[in-house]
Amino acid sequence: MSTQRIFPDGFLWGGAIAANQAEGAWNVDGKGLSTADMATYKRNLGKGDYKKHNAVSDEQLKKAMEDKSDQDYPKRRGIDFYHRYPEDLAYMQEMGLRTLRLSIAWTRIYPNGDEAVPNEAGLAFYDRLFDEMLGRGIEPLVTLSHYEMPMHLVNQYGGWTSREVVDFFVRYCTTVFNRYKNKVKYWITFNEIDGIVRHPFTNGGIVPDRFGEAEQVEQAVYQALHHQFVASALAVKLCHEIIPGAQIGCMLTSLLHYPHTCNPQDVLAAHKNNEFNLFFTDVQVRGIYPGYIQRFFKDKGIEIAKAEGDDQALRKHTADFISFSYYNSFVASAESEGLEKVSGNTMGGIKNPHLPLSEWGWQIDPIGLRLTMSNLYNRYQIPLYVVENGLGAYDKVEEDGAIHDPYRIDYLRSHIEQIHEAILDGVEVIGYTAWGIIDLISYSSSEMEKRYGLIHVDQDNDGNGTLERRRKDSFYWYKDVIRNNGL
Ligand code: BGP
């Protein structure tokens with residue numbers, strides 16, 4: 001069998017970043033405060049031991065809102081993409097990227113979220129950015145909401161628990177669709193919409209302390225999620241109306257679970273986790289709340305308040321494609337007591353003895369990507385888009401300035417191989433955007449030194465550094481992959 005893996009013509013090779021982790025310039029040109037600007041870290045003992053300081057109480061939020069510095073808030077700094085994007089895009093063009101996935105910060109367009117008139121300076125920034133991309137032959141893939149929302153909407157309305165936020169989001173979408181209709185043809189509604197279950201504040205603007213008991217938080221989370229589902233459906237509708245020919249997708253965190261053993265109880269445990277992971281695409285692609293989730297709500301006493309027309313909107317305005325992130329896989333067991341766990345990371349779970357771990361304890365599993373693609377495609381039969389995949393690792397800059405990252409090349413190569421396998425199986429794939437194509441602030445730990453980039457950025461966890469950009473070995477490797485349209 002030939003080992004050469006050639007991808008379909010027009011396959012969109014690319015990279016991915018997000019506004020809140022890259023732009024910085026948190027208080028520039030009229031930008032409002034966002035939930036991402038609240039994210040800080042607690043430093044504990046040393047390397048890799050920065051602990052996320054979750055915003056869960058009003059007290060913590062008040063402190064963060066009053067703090068006007070970016071000292072303890074790495075996402076406020078980002079990598080200064082806001083000012084350095086021409087240089088960054090020049091590197092990406094050199095690499096041959098056909099697309100770049102990025103997000104619009106809602107707070108640049110509507111600083112508070114509920115204004116009647118958008119902020120022109122914010123709109124103008126994305127005009128310049130998209131023009132620069134298009135001029136360099138890089139197609140924008142734009143996420144409307146990537147882990148951030150205006151803080152004002154959190155404080156005045158309760159984040160996505162409020163129905164009114166749907167209207168504000170629709171206003172924001174209408175504005176950006178109209179403004180960028182000649183520049184952006186690929187859109188994504190909510191980044192990792194399933195994440196609200198794990199991170200209510202980041203994804204939903206929900207401050208858990210305001211709800212008291214865990215059950216009430218859960219009730220709030222699913223109500224907020226319903227509002228996001230509806231907002232996503234309305235964004236699909238608007239996008240199709242305003243930008244003929246555009247494609248707009250949903251976005252899922254792939255959380256593939258394997259059974260710990262062939263004991264049917266373990267198989268069932270894995271099945272349930274996998275089914276739950278697909279609940280989010282069932283709503284956004286099939287347009288229904290599936291039976292298994294209705295049962296889950298019933299068992300938990302969760303009741304979703306729906307407005308007239310919600311069910312119809314969900315059913316009618318489904319996603320054009322499914323985009324997803326894939327980093328690792330998991331293990332499920334009916335009885336997890338006594339089993340070895342993966343530690344030192346935010347993903348957690350039972351250890352899979354067959355898989356190596358990243359430096360952050362994420363289980364590296366390329367075949368899991370193929371399985372994910374097969375599962376999604378067989379279930380929904382619409383195109384897939386791999387919009388996040390990559391390895392977070394410590395990198396070392398050698399004296400001559402070189403950065404040798406064979407571990408990252410291995411990771412990317414082995415995952416791209418599996419995408420190719422899926423394509424041979426008939427799975428339709430629009431493209432692949434490697435996460436953190438340029439080093440940026442980690443979402444989960446707010447660290448800078450958890451690096452995903454193929455382009456290095458000289459900045460440490462505390463914000464020290466020249467911000468100078470450098471090509472890593474993986475840069476040259478990916479450039480070859482793209483030039484050859486495959487491996
Ligand atoms: C996804 C997010 C990204 C990104 C990535 C890597 O969940 O959509 O924003 O950061 O994970 O995660 P981390 O930065 O925590 O390593």
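Predicted model: local features only at pLDDT ≥ 70, side-chain atom pairs only at ≥ 80, totals over all residues.
1. The residues of H15 that are buried are Arg408, Tyr411, Leu412, His415, Ile416, Gln418, Ile419, Ala422 and Ile423. Around the axis they cover an arc of only 155 degrees, and therefore lie on the same side of H15. An α-helix has 3.6 residues a turn, so residues three or four places apart point the same way. Pro406 and Leu424, on the other side of H15, are exposed.

2. The length of H15 agrees with expectation, because its 19 residues (406-424), at 1.5 Å a residue, should span 27 Å, and the end C-alpha atoms are 27 Å apart. Just after H15, Gly426 adopts a positive phi of about 100 degrees.

3. An unreviewed UniProt entry annotates Glu388 as "active site". Glu388 counts as buried because it has 23 C-beta neighbours inside 10 Å, where 20 or more are required. Leaving aside residues up to four places away in sequence, Glu388 touches Ala16, Ser325 and Trp435.

4. The ligand is surrounded by 14 residues, of which the closest are Ala18, Gly392, Ser442, Tyr443 and Ser444. By class, the shell around the ligand consists of four nonpolar, seven polar and three charged residues.

Definitions and conventions: Residues numbered from 1 in each chain as written. Near = placed C-beta within 6 Å. Nonpolar A, V, L, I, M, F, W, Y, C, P; charged D, E, K, R; others polar. Helix = DSSP H or I, 4+ residues; strand = E, 2+ residues; numbered from the N terminus. Expected span 1.5 Å × (residues − 1). Buried ≥ 20, exposed ≤ 12 C-beta atoms within 10 Å, placed from the backbone. Arc of directions from axis to C-beta. UniProt positions renumbered as here; feature names shortened; annotations may be inferred. Contact = placed C-beta atoms within 7 Å.
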